[in-house]
Amino acid sequence: MRGRLHRWDRTASPYLFVAPFFLVFAVFGLFPLVYTGWLSLHQVSLYNVDQADWVGLQNYWDLLFGQPSSFFWNALLNTVTLGVLSTVPQLLAALGLAHLLNYRLPARGFFRTALLAPYATSVAAATLVFALIFSPEGGMANWLLGLAGFDPIQWESGSWSSQIAISVIVIWRWTGYNALIYLAAMQAIPRDLYEAAALDGATRWQQFRHVTIPALRPTILFTVVVSFIGATQLFGEPYLFGGQSGHQGGADHQYETLGILMYDTGFHHSMLGRASAIAWLMFGLLLLVGLANTLIARRLRSAK
């Protein structure tokens, strides 16, 4: 009897230890995913969730090719442009900051800690401050443009101007976070590589190009993918930046992202089925990004 209990303990204990995770995941992860997929195949109103009419793939067809398709493709285009405008400068700045902090600078620990301050700031606080900076009436951005001899810009009403303003918020919040990721990866590079490059007469810029960048390729790929996923889910910054019209991405939907479109469709137009279809299209887009990441990472490993 004791031996049987011992064998049962050795066999079942690992499953009992990991069971809480799978239980929490099933309740808060798997069930909402499956339920959202079920809703996407129905016509459901926010005010009468119990009554769901089966429509099959009609919600997906309408989003991609039907009457509201222009809003979906506009939101997808805005999501991509906002992702590019925020990701490229952000990662370049993070790479430069990490390279500087990798040297023995005075107060290096303070600067490393300060890099996380924007990331620790709430989305609401950061967006409201930048909304004042880009305000057409007395905002600091237009004041600086005036000093340089340029006319003031209506940042919120323009298509590119509003996306640039929102991208600045994202860049400010996430540059330090990515810089610390790059810094940790740089510190894992063997110092022997830099010493050998210095003995061969390589300058610091040449060491950065031919030693640091190749060693950071997997980390750079990781930050690019994570930043794109974050851009796909962008919601708080455009929602709060637009004020009263934030729920639809501006008066002319000029900076409406997929997250904003999903929220507006579900909670302002009460079409939970169509909003669920948008969520699943976003999920499919992220799966494609993950697949591309896997293929690129595999090619990088095979190239070594």
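The structure is a predicted model, so local features are taken only at pLDDT of at least 70 and side-chain atom pairs only at pLDDT 80 or more, while totals for chains, interfaces and linings use all residues. Residues are numbered from 1 along each chain as its sequence is written, and side-chain values use heavy atoms, with hydrogens and water left out.

Confidence comes up to begin with. pLDDT is the predictor's confidence in each residue, on a scale from 0 to 100. The protein chain averages 85, and 95% of its residues score at least 70. Helices (H or I, at least four residues) and strands (E, at least two) are DSSP runs numbered from the N terminus.

Next come the strands. Two strands count as paired if DSSP finds at least two bridges between them. Strand S1 (residues 42-45) and strand S2 (residues 48-54) meet that rule with 4 bridges, in the antiparallel sense. The two make a hairpin with 2 residues between them, and Val 44 stands opposite Ala 52 in S2.

Helix H6 (residues 123-133) shows how burial can be arranged around a helix. Buried here means under 20% relative accessible area, exposed means over 50%, and partly exposed is anything in between (1.4 Å probe, protein chains only). Ala 126, Thr 127 and Phe 130 are the buried residues of H6. Viewed down the axis of H6, they fall within an arc of 95°, so they line one face of the helix; the arc is that of the directions from the helix axis to the C-beta atoms. The buried residues of H6 pack against H8 and helix H12 (236-241).

On to the cores. A nonpolar core is a set of buried Ala, Val, Leu, Ile, Met, Phe, Trp, Tyr and Cys residues joined through side-chain atoms within 4.5 Å. The largest one has 13 residues, and Leu 95, Ala 98, Tyr 182, Met 186 and Leu 216 touch the most other members. Helix H3 (69-101) and H8 are the elements that give two or more residues to this core. Apart from it lies another core of 12 residues, including Leu 82, Phe 134, Ala 141 and Ile 166. With contact meaning heavy atoms within 4.5 Å, Met 186 touches Leu 95, Ala 98, His 99, Asn 102, Phe 208, Thr 212 and Leu 216, leaving out residues up to four places away in sequence.

Aromatic rings get their own tally. Rings of Phe, Tyr and Trp (its six-membered ring) pair if their centres lie within 6.5 Å; planes under 30 degrees apart are stacked, over 60 edge-to-face, and the rest tilted. By this rule there are 19 aromatic pairs. One of them joins Trp 174 and Tyr 177 edge-to-face, with 5.4 Å centre to centre and 90° between the planes. These two sit 3 residues apart in helix H8 (residues 159-187), so about one helical turn separates them. Trp 174 is partly exposed at 28% relative accessible area, and Tyr 177 is partly exposed at 29%. Phe 235 and Tyr 239, by contrast, are stacked, because their ring centres are 5.3 Å apart and their planes are at 15°. Phe 235 is partly exposed at 28%, and Tyr 239 is partly exposed at 26%. Phe 130, Phe 134, Trp 155 and Trp 172 form one aromatic cluster.

Most residues other than glycine have a negative phi. Ser 270, though not a glycine, has a positive phi of about 60°. Ser 270 lies in the loop between helix H13 (258-268) and helix H14 (272-303) and is buried at 12%. Beyond residues up to four places away in sequence, Ser 270 touches Val 44, Ser 45, Leu 46, Tyr 47 and Thr 265. His 253 also has a positive phi, near 55°; His 253 is in the loop between H12 and H13 and counts as buried at 17%. Thr 232, in helix H11 (residues 217-232), is buried with a relative accessible area of 0%. Setting aside neighbours within four places in sequence, Thr 232 is in contact with Thr 79, Leu 258, Gly 259, Met 282, Leu 285 and Leu 286.
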